[in-house]
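Reader: I would like to learn how to read strand pairing and pockets. Could you take me through them step by step?

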Amino acid sequence: MPILVEPALPAGHLRDRPQPRLAVDDELTLRPWQAGDAEAVRNAFACPDIQRWHVRRMDTAAEALDWIGGWATRWRADRDASWAVVGPDDRVLGQAGLRGVDLVEAAADVSYWVLPSARGRAVAVRATRAVVRWSFAELGLARLGLWHSTANLGSCRVAERAGFALEGTSRSAVRHADGRHDMHLHAVVSAAS
């Protein structure tokens, strides 16, 4: 059955370019994950807040290394992108990235988390804004979504401060350890769209 519209972006759109380092501001940088980040990843997923909203924990260094290595695989598959959010000392403060990249629609969802020691400094907001800038200006995406549990008020504030408009609520959409959660959908669209 023929498709009546061409894909907005060609296959290989991520795969055919190296994953860049992205300057966030004079303090923060987004860089590809490295094997040396495994302990920071384990610490992140030992945090009860990160476990609650990301529904995952990591019990071993090998699991953290698999998580890190999986990002390069998903980049090459044009599916996902994730960066370590680092400070001037190159220590991991959090994660920001794209999930479910859809080259046909030129769309993706944004995700983030921040280590407890880096909270209260707008790290997630600043990193998310950098992902948005790069996604629209360099990658050519037209729309970015951001999903979070309606119970996650901190994530809602990040979405709003990063410029994502609330579009609605998807009822009983995602399972968490404590049961099904309603999810807010926020989105931002490129000015070129």
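Author: In this predicted model, strand E4 (residues 92–102) and strand E5 (residues 107–114) pair in the antiparallel sense, and seven bridges join them. One place to look is Ala96, which stands opposite Tyr112 in E5.

Reader: How many residues lie between E4 and E5 in the hairpin?

Author: Four residues separate the two strands of this hairpin, and in the turn Ala106 has a positive phi of about 55°.

Reader: Which strand runs parallel to E5, and how many bridges join the two?

Author: That strand is E6 (residues 143–149), joined to E5 by three bridges, and within E6 the bridge partner of Ala108 is Leu144.

Reader: Is E5 mostly covered or mostly exposed?

Author: Taking buried to mean under 20% relative accessible area, seven of the eight residues of E5 are buried, and the strand is mostly covered.

Reader: Which element gives the largest share of the lining of the largest pocket?

Author: E5 does, with six residues. The pocket itself has a volume of about 1100 Å³, and of its 39 lining residues the closest to the centre are Trp53, His54, Tyr112, Trp113 and Ser155. By class, the lining holds 20 nonpolar, 10 polar and nine charged residues.

Reader: What is the volume of the second largest pocket?

Author: About 240 Å³. Its lining divides into four nonpolar, three polar and five charged residues, and the largest share, three residues, comes from helix H1 (38–44).

How values were computed:
Residues are numbered from 1 along each chain as its sequence is written. This is a predicted model: local features need pLDDT of at least 70, side-chain atom pairs count only at pLDDT 80 or more; totals for chains, interfaces and linings use all residues. Side-chain values use heavy atoms; hydrogens and water are left out. Buried means under 20% relative accessible area, exposed over 50%, partly exposed in between (1.4 Å probe, protein chains only). Two strands pair if DSSP finds at least two bridges between them. On a 1 Å grid over the protein atoms alone, a cavity is a set of points where a 1.4 Å probe fits but cannot get out, and a pocket is an open set with protein on both sides within 12 Å along at least five of seven lines; lining residues have an atom within 4 Å of a point. Grid points are joined across faces, edges and corners, and a volume is the space filled by probe spheres set on the points. Ala, Val, Leu, Ile, Met, Phe, Trp, Tyr, Cys and Pro count as nonpolar, Asp, Glu, Lys and Arg as charged, and the others, Gly among them, as polar.
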